[in-house]
Amino acid sequence: MPFPFKITHEPVSQGERDKFFLDQCSKIYRYIDSRSTPSLKKVERFYLRWKEYPEAWTWYYTALLKNKQQRQAEELLESMAELFPYYIYGLCSYAKLLIQRGETDKATEYFGAEPAMEQAFAGRNTFCYKEVLLYYSVFIEMEIAKGDYDKAEQYLELIAGIDMQGDGDIIFRYRLLIMKARMEKMDEARLASELEKPQYIKPAAPKGYTHAPFVHRQIEDLFERVKILDKSIIDSILMLPRQTAIADLEQILYRTMFEFTEEDYDKNMYYSLPHALWFLYAFKAVESWSLACCLLQMDGASLEYWFGDACIENTWFLFFLLLKEGATEGLLENLRKPNLEADSKSIALEAMAQLVLHYPENKGLVTRWLGELLQFYIDNIDDKDIIDPVSVGFIEYAALNIQAESLLPQLRILHENGCVDEMVCGNYQYVEREIKNPFLYKDYKRELPCIYDLAEEERRFLEEDLLPRHPVQSLRPATYSQPKTGRNDPCPCGSGKKYKKCCLK
């Protein structure tokens, strides 16, 4: 039993009561309960006759509410709380009234910051389960009003273990209330994020890259015609001379990222860029680093066209390879560039985390990279063109994945200044707790694919015809067996995180 007192299903005596009053009590209760607008005159007579008992105040208060006499009901409730400081119903109702008024601080001062039922009602060691539910529901509503939904859920789980004998719907109602509050907060945060989001500025192509004719017909076909990779196509391209093949693949990157026009988008060539990246990965084209990094500077509309909802799933391994091979020049510079999409930057952050999960000896190096990025945002905390809460949220997510506890002080500063999108990982208290959890991300290590695996997954996905508009999608098609939730939408489970950082994983 988690409570330091006894819980009973029988009514608990509140002191001596007149026998005639007790008999009249059940009658007035049935009368008020059976009418939408009970006669105030009748209930008031009862109240005036028995006002030495708090129950009489309760029935009169209920009748006033049913007759829409809100102001008078509230005045009565406040007087009842003062006159009967040990009457649980009156105290809880008054505390809830303060919360509804938006006076949560006053409710906390009046009722207490933490549950202590045995102390609040000294001399009692047994409570009816309904009293316990009512008492703890105050703290649930208090924490919802404060925005601490995790704490509200902790209180809810505590009372969920009580045998409620048919009153269990209260748990369901509060679960819905917490979920609704989370969703409303996320909507507000998303709107604020959109309003504060840095204005995207399209980057220029790296020096040294220009439009050039293709050397190999197979790669020109990959750009213009090939939609599904089969083994013969893969074999024919992998057999080409490496240097000229890479130059042709870079042409696909250059043309799709810097030369595409609105007319080109109508040609449905959204296979070509992912396929080119896969072949650069297969060729271990470390020399293509500077051009590949331009992927980290793509705008949201381009990411959506080329990758749908699966940008990370179709690109992380290329950046993993580049990092593993030491091609890190300019990495942090790309991630520090302002006015760029956070989703694009997240590709490199995912590769960093996977580098540590595959090769733990790199944890110190990656932690240093993440720390330098966080410090960059701290140093520019007042610059709205630089501060991007979503980008900081993705950095935090990488820190969680590699359990980089040393970054907590920097993360706290950014959370306290409202510079972290808490839809990504949650609030600071959650991050502080979970970054030390050795089991949370134990299964997060991704397998490194080969290009044949990628092609097979793509073919299988197309055959299932789940998302015909964007055939290059997640390597986990079963994700889409439910009605589609957007990658950046709040997770349907109500966790408070984005779908892609919660149940989509």
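User: How many aromatic pairs does a search of the whole structure find?

Analyst: The model is a predicted one. Across the whole structure, the search returns 35 aromatic pairs. An aromatic pair is read from two values, the distance between ring centres and the angle between ring planes. For Y29 and W59 the centres are 5.4 Å apart and the planes stand at 50°, so this pair is tilted.

User: Which parts of the chain does the pair of Y29 and W59 link?

Analyst: The pair joins distant parts of the chain, 30 residues apart. Y29 belongs to helix α1 (residues 19–33), and W59 to helix α3 (residues 54–66).

User: How are the rings of F111 and F139 arranged?

Analyst: F111 and F139 also make a tilted aromatic pair, with 5.3 Å from centre to centre and 50° between the planes. F111 is in helix α6 (residues 104–111) and F139 is in helix α8 (residues 129–146), so parts 28 residues apart in sequence are tied together. F111 is buried at 11% relative accessibility, and F139 is buried with a relative accessible area of 0%.

User: Which residues form one aromatic cluster with F111 and F139?

Analyst: The cluster consists of F3, F5, F111, F121, F127, Y135, Y136, F139 and Y155.

User: Where does a charged end sit over an aromatic ring?

Analyst: Such a contact is read from the position of the charged end relative to the ring centre and the ring normal. In one case, the charged end of K42 sits over the ring of Y31, at 4.0 Å from the ring centre. In another, the charged end of R336 sits over the ring of F376, at 5.9 Å from the centre.

User: How many disulfides are there by the distance rule?

Analyst: A disulfide is a covalent bond between the sulfur atoms of two cysteines. The count for this model comes to zero.

User: Is C450 buried or partly exposed?

Analyst: C450 counts as partly exposed, at 32% relative accessibility.

How values were computed: Residues numbered from 1 in each chain as written. Predicted model: local features only at pLDDT ≥ 70, side-chain atom pairs only at ≥ 80, totals over all residues. Heavy atoms only, no water. Phe/Tyr/Trp six-rings, centres within 6.5 Å; stacked < 30°, edge-to-face > 60°. Helix = DSSP H or I, 4+ residues; strand = E, 2+ residues; numbered from the N terminus. Buried < 20%, exposed > 50% of the residue type's maximum accessible area, 1.4 Å probe, protein only. Lys NZ or Arg CZ within 6 Å of the ring centre and 35° of its normal. Disulfide = S-S within 2.5 Å.
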